[in-house]
Amino acid sequence: MFGLGLVVPVEECTGAGAARSCTPVSRGEAAASAAVGGALIGSVIGAIIGSERWARAVLPLRVAVLPWPHGGASVALRWSR
């Protein structure tokens, strides 16, 4: 939600009809309020659903990323049984 608050433009509007006026909200203020709202939503959902149980899994996959001298990179994947 913090990232969404940074990207999406937000306006604060007052009044109605012809007396309606809107002013833009700063990106920092929008990001902070979106982060607080996201934390509240997450805490409510977490209280309703509860905690998760995670189990460690061993995957036979290896990944290698090697940079190239003049920019770019190569990626190698190895799958073993």
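The following legends describe close-up views of a predicted model.

Local features are reported at pLDDT of at least 70 and side-chain atom pairs only at pLDDT 80 or more, while totals for chains, interfaces and linings use all residues. Residues are numbered from 1 along each chain as its sequence is written, and side-chain values use heavy atoms, without hydrogens and water.

**View 1. Model confidence along the protein chain.** The mean pLDDT of the protein chain is 86, and 100% of the residues score at least 70; pLDDT is the predictor's confidence in each residue, from 0 to 100. Confidence is lowest in α1, with a mean of 82, and highest in strand β4 (residues 73–79), with 90. Helices (H or I, at least four residues) and strands (E, at least two) are DSSP runs, numbered from the N terminus.

**View 2. Helix α1 and F2.** Helix α1 spans residues 2–7 and includes F2. The relative accessible area of F2 is 48%, which makes F2 partly exposed (buried is under 20%, exposed over 50%, partly exposed in between; 1.4 Å probe, protein chains only).

View 3. Strands β1 (residues 11–14) and β2 (residues 21–24) run antiparallel and are joined by four bridges; strands count as paired if DSSP finds at least two bridges between them. T14 has S21 of β2 as its bridge partner. Six residues lie between the two strands of this hairpin, and G15 in the turn has a positive phi of about 80°.

**View 4. The disulfide of C13 and C22.** One disulfide is found in a search of the whole structure, the criterion being a pair of cysteine sulfur atoms within 2.5 Å. This disulfide joins C13 to C22, with an S to S distance of 2.0 Å. Because the torsion about the S-S bond of C13 and C22 is about 110°, the disulfide is right-handed. C13 is partly exposed, at a relative accessible area of 31%, and C22 is also partly exposed, at 34% relative accessibility.

**View 5. The hairpin of β3 and β4.** Seven bridges pair strand β3 (residues 61–67) with β4 in the antiparallel sense. V63 stands opposite L77 in β4. Five residues separate the strands of this hairpin, in which G71 takes a positive phi near 100°. β4 is hardly covered, as the count of buried residues among its seven residues is zero.
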